[in-house]
Amino acid sequence: MTARDLIPIAVLTILAALLPLVVTSSPVLNFLVFMLIVALGAQGWNILGGFGGQFSFGHAAFFGTGAYVTAILQLRYGVNAWAGLMLATVAGAVVGWVIGFLSFRSGLRGSYFALVTLAFAEVFRILANAASFTGGAAGLLIKLDVRPANLQFADRTVFYWLVLAFVVAVLLLTRWIQRSRFGAQLVAVRENEDAAKALGVNSLRVKLRAIALSGGVTALSGCLYAQYFLYIDANIAYGSWISVELLLAPIIGGVGTVFGPVVGALTLHGLGEVAKQFAGRIPGIDLIVFGGVLVLAVAFARGGILGLLERLRDRSRRMVTRGPKEVSHAGR
Amino acid sequence: MYSPQIILEAALNGLMTGAVYALIALGLTLIYGVLHIINFAHGALLTCAMFAVWIAWAVLGMDPYLAILPLVPLMFVLGYGLQRFVIGPASHGDDGNILLVTLGLSIVLENVLLALFQSDTRTLDTDYSFQVVALGPLLLSYPRLIGLGVAVVVTGLLWLVLNRTDTGKAIRAVAKEKLGANLVGIDVPHVYAVTFGLGCACLAVAAGLLMPTFYVNPRIGGAFVLVAFTVVVLGGMGSLPGALLGGLFIGVVESLCGLFLGDSLGQIGIFLIFIAVLLVRPTGLFGAKA
């Protein structure tokens, strides 16, 4: 990674870190924390789906695992929340590896992979909903005990910074992936698996690494969710909505890019909030916006918002260097 | 513990529920066979059809079975229009994009229904909702028996349409070889839209058969469509008889799992089968080509 790679991440970090000094309203801060948690999980999805081209429709399997592991460890075994956070991340990576091993070894791709991940998440949801170990349908309530050791802070801003730190760490991880040999192999598998294999890429191993990393990051976001809201149940943690949410953000923002998931999460939830403000208490209005934006993004902005911006930038550059007249020809 | 009679009754009831799963899966598998995509909007479209049946009953006092008759062409037109004017143009014909567009569409449809009807659950009562038919010592639900009969008839009709009409031949040509079909002058976007319309028309029938014994709320379609995915995968993607047999089988599995494991775990058998089939034989039990 070069300094040029790191500058955008550094700028974003500083701006985002200063934000709570300007915005002090508690609902807005809540919104920002939630958005960052989604962005983190979506970054996890992006490692596998964006760079690896394996579209999972069941990332709830990882999100929920992170949430349940951290909640159960604290409630039933009195494990320290920070340790719980690390174990939850590892658990997510393990679940990812196992699901990946089963599916990739059977050669599942495309729609089939999407369906099998969806089914795994559903199995977890049904089990979590039925087992007494997970609190069943009533869910789990993490005891309110405000201490930094419990990952509970009197000031919400601290939690915001914590989540932000994780988001930045994953941005760095993603940037590293993009520049590394592993990342190059992953993209090669995405573009043409057979060709990548012919060139000596061990595609199964590359995909397994990607899904384990992806599962770990997404589990971390689930863990932070549980820790912030102090309550989870099967439908929140393993429900299909969270799977959809985690794949929408990268697709809207820019699939397979470093900043895509963050941009997408910010855009979607920003628009969703605006819609709620305008439309009042109509249920589902924000989700109507989500779906509409998805259709529009696929129709008009392949490559998401970042892809669109890049095309606009290229166009304006050409305008500057060659003059607008020539561009209208070149553009056709 | 469980008498053979109870087990048999559960299996038969599952068989009849499975018939409706088969109808839902029929549309899904047809769309998969031709467009080669998993239509994520299928569940939301089913919910739309179920609400339509409910409205016909609550507002117009129409019998749910009778409501199927006008609803079939309506749903066909809706499906045709969606594919022709929304999904097709928005996805630029790219398979991955179609998947995302149908996902977006399902989110929009589901939440428009939520905005219109709130999240309340609605039911519909007919004289025959709880009527049973005695078959020897076994008591079978009358509406579900009707469902089984209709599902078999509709599968047969669809098979006739595909195999005996020019439109059906065009659909099969496009399913086999899109480019070749285009070269011999088949209007591919039209065939896509007709297929999507037929898939939605099947949902109209399924909705009419479901409503006398089931309930509707804006999110209900999602639950059905996951089962329908299983049926489609089990039966082999794109296979009509596969969808019928797969649906009946899944219905029985669900019913028996519910009997032995309890209601909350009833669906787990379905998903375990789903995963096992995907992992071991992704072409399905009846599908031939990879």
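**View 1. Thr195(B) within its helix.** Thr195(B) is part of helix α8 of chain B, which spans residues 188–210; helices here are DSSP runs of H or I with at least four residues, strands are runs of E with at least two, and both are numbered from the N terminus. The model is predicted, so local features need pLDDT of at least 70 and side-chain atom pairs count only at pLDDT 80 or more, while totals for chains, interfaces and linings use all residues; side-chain values use heavy atoms, without hydrogens and water, residues are numbered from 1 along each chain as its sequence is written, and chains are lettered from A in the order in which they are written. With a relative accessible area of 0%, Thr195(B) is buried, a word that stands for under 20% relative accessible area, computed with a 1.4 Å probe on protein chains only. The side chain of Thr195(B) reaches the backbone oxygen of Val191(B) at 2.7 Å. When neighbours within four places in sequence are left aside, Thr195(B) is in contact (heavy atoms within 4.5 Å) with Leu30(B), Ile31(B), Val34(B), Leu35(B) and Ile171(B).

**View 2. The fold of chain B around this site.** Chain B has 11 helices and 4 strands. Its C-alpha atoms fill a box of roughly 60 × 45 × 35 Å along the principal axes, and 57% of the 290 residues of chain B count as buried.

**View 3. The interface of chain A and chain B.** Here 35 residues of chain A are in contact with 36 residues of chain B. The area buried between chain A and chain B, meaning the accessible area (1.4 Å probe) that the two parts lose on being put together, summed over both, is about 3200 Å², and carbon and sulfur atoms give 84% of this area. On the side of chain A, Tyr112(A), Leu115(A) and Ile126(A) lose the most area to chain B, together 19% of what that side buries.

**View 4. Elements of chain A that touch chain B.** Two or more residues each come from α4 (81–105), α5 (110–130), α11 (240–253) and α13 (285–300) of chain A. The largest share of this side, 12 residues, is given by α5(A).

Terms used:
Buried < 20%, exposed > 50% of the residue type's maximum accessible area, 1.4 Å probe, protein only. Polar contact = N/O pair within 3.5 Å; in protein donor to acceptor, adjacent residues only side chain to side chain.
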